[in-house]
Amino acid sequence: MKLIFGVDIGGTRIKIGRFTEDGKLLEKWSVKTDLSDHGAHIVPLVAEEIQAHRKARGISEEKVLGIGMGIPGPVAPGGFVEKCVNLHWNAFNPVTELARFFPNHQIRAENDANVASLGEYFQGAGRNVSSMMMVTLGTGVGGGVILDGRILVGAHGIAGEIGHIAADPTQEEICNCGNRGCIDQCASATGIVRKAEKLLASVDQPSALRDFETLTAKEICDCAKEKDPLAIRVIEECMYPLGVGLAYFSHAFDPEMYVIGGGVSLAGEVIIKAVQKGYQEQFFLTKKKADIRLAELGNDAGITGACALIAKE
C-alpha cells in the first residue's frame with residue numbers, strides 16, 4: 001500500500017501527517033511556520049520535513065503516492081494563490097513550487113476550511129454520508145461543503161461562507177464584511193464574548209462568568225458545560241441564528257449532515273441543542289431533516305483532509 005502526506009499550513013505552525021492511501025493516520029508532527037522573506041521558505045520547509053521523515057523511516061520515493069496541502073486562503077484550480085495574508089503570499093502557486101521537490105508525485109492544494117471539511121467527510125463525523133457541510137466556530141465562522149465526495153468551491157471561491165448569511169436581526173454592530181446581522185457576529189468566539197458582556201451588564205443574575213476579569217469564549221463555553229444558567233443562555237442566543245442559517249442552507253443544498261467544529265464547539269452538546277432549535281424552527285419542507293453533530297477529528301481534520309485530496313483523486 002502506498003503512503004500519502006497530508007500538510008496543514010497555518011500562520012503559526014505547519015502540521016504534517018503520514019497516512020496510508022485509505023486514510024489511516026500513521027504518524028504526525030508539526031514545525032513552526034517560517035514567514036520570513038514573504039513566506040518564501042514555507043514550501044521548501046515542507047519538502048525538507050517530508051524528505052527527512054521519509055529517509056528516517058526508510059520509506060522509498062516510490063512508496064509515496066502524493067502530498068496534499070491545506071492553505072489558509074482562497075486557492076484556485078491548479079493551486080494558484082492570488083493572496084494569502086497569513087502566509088504573506090501574493091500571486092504564488094505552492095503546488096508548482098512543491099512539485100519542484102517531488103516531480104514524480106501527485107501534489108494538490110485547497111483552502112484549509114474546505115480541506116478540514118473533507119477530512120471530517122473522509123474519516124470523521126461525515127464518513128457515512130454522501131453530502132455534508134462543516135461549520136467551524138472560531139475567531140470567525142467558516143464552512144466547507146462536500147457534495148458527493150467533492151469540495152464545493154463556487155464560482156468565486158466563497159461557497160460555504162455561512163458566517164456571512166444574515167440570520168440575526170437583533171445584531172446592531174456592522175460585520176467586517178459590511179453587512180448587518182451576520183452569523184459571524186453572534187456564533188463566533190468574538191460574538192459569544194460580546195453577547196456575554198452585554199448580558200452581564202443588563203441582568204443581576206448570579207453567574208460564574210462574573211468571576212473573570214476578562215472573559216474569553218473558552219471560559220464561557222466551560223461555564224456552559226458546568227451548567228451555569230447565564231452561560232447556557234449566552235450559548236443558546238448565539239447559536240440559535242446559526243441553526244436558522246443552516247435551515248436556509250438546507251433549502252438550497254439539502255446536505256445529509258452538518259458537522260460543527262472549531263474551538264467553540266468544545267462546549268459540546270449545549271452547542272448542538274441550540275443549533276438544532278434554530279434549525280428545527282425554520283425548516284419545514286420535509287419531516288426528515290439533516291443530522292447535526294459535533295466534529296470528531298479535532299486538530300487532525302486538516303491533515304486528514306489534505307490526505308483525502310490525494311486519496312480520493
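Reader: At what angle do helix α6 and α8 pack?

Author: This is a predicted model, where local features need pLDDT of at least 70, side-chain atom pairs count only at pLDDT 80 or more, and totals for chains, interfaces and linings use all residues. Residues are numbered from 1 along each chain as its sequence is written, and side-chain values use heavy atoms, with hydrogens and water left out. Helices (H or I, at least four residues) and strands (E, at least two) are DSSP runs numbered from the N terminus, and axes are lines fitted to C-alpha atoms, for helices over the stretch in contact, with angles from 0 to 180 degrees between N-to-C directions. The axes of α6 (residues 189-202) and α8 are 9 Å apart, and the packing angle is about 130 degrees.

Reader: Which class does that angle give α6 relative to α8?

Author: Angles under 35 degrees count as roughly parallel, over 145 as roughly antiparallel, 65 to 115 as roughly perpendicular and the rest as oblique. With an angle of about 130 degrees, α6 is therefore oblique to α8.

Reader: Which residues of α6 make the contact with α8?

Author: Contact means heavy atoms within 4.5 Å. On the α8 side the contact is made by Leu-230, Arg-233, Val-234, Ile-235, Glu-237, Cys-238 and Met-239. On the α6 side the residues are Gly-191, Ile-192, Lys-195, Ala-196, Leu-199 and Leu-200.

Reader: Which elements do the buried residues of α9 pack against?

Author: Buried means under 20% relative accessible area, exposed over 50%, and partly exposed in between (1.4 Å probe, protein chains only). In α9 the buried residues are Val-270, Ile-271, Ile-272, Ala-274, Val-275, Gly-278 and Tyr-279. They pack against β8 (131-137), α7 (217-225), α8 (229-253), β11 (257-261) and β12 (291-294).

Reader: How many aromatic pairs does the structure hold?

Author: Rings of Phe, Tyr and Trp (its six-membered ring) pair if their centres lie within 6.5 Å; planes under 30 degrees apart count as stacked, over 60 as edge-to-face and the rest as tilted. One cluster is formed by Phe-249, Phe-253, Tyr-258, Tyr-279 and Phe-283. The number of aromatic pairs in the structure is five.

Reader: Is the pair of Phe-249 and Tyr-258 stacked or edge-to-face?

Author: Phe-249 and Tyr-258 are both buried. Their ring centres are 6.5 Å apart and their planes stand at 70 degrees, so the pair is edge-to-face.

Reader: How far apart in space are Ile-67 and Ile-107, C-alpha to C-alpha?

Author: Ile-67 is in strand β4 (residues 64-71) and is buried, with a relative accessible area of 0%. Leaving aside neighbours within four places in sequence, the contacts of Ile-67 include Phe-5, Leu-98 and Ile-107. Ile-67 and Ile-107 are 40 residues apart in sequence, and their distance in space is 5.0 Å.

Reader: Is Asp-254 buried or exposed?

Author: Asp-254 is found in the loop between α8 and β11. Its phi is near 50 degrees, a positive value in a residue other than glycine. At 54% relative accessibility, Asp-254 counts as exposed.
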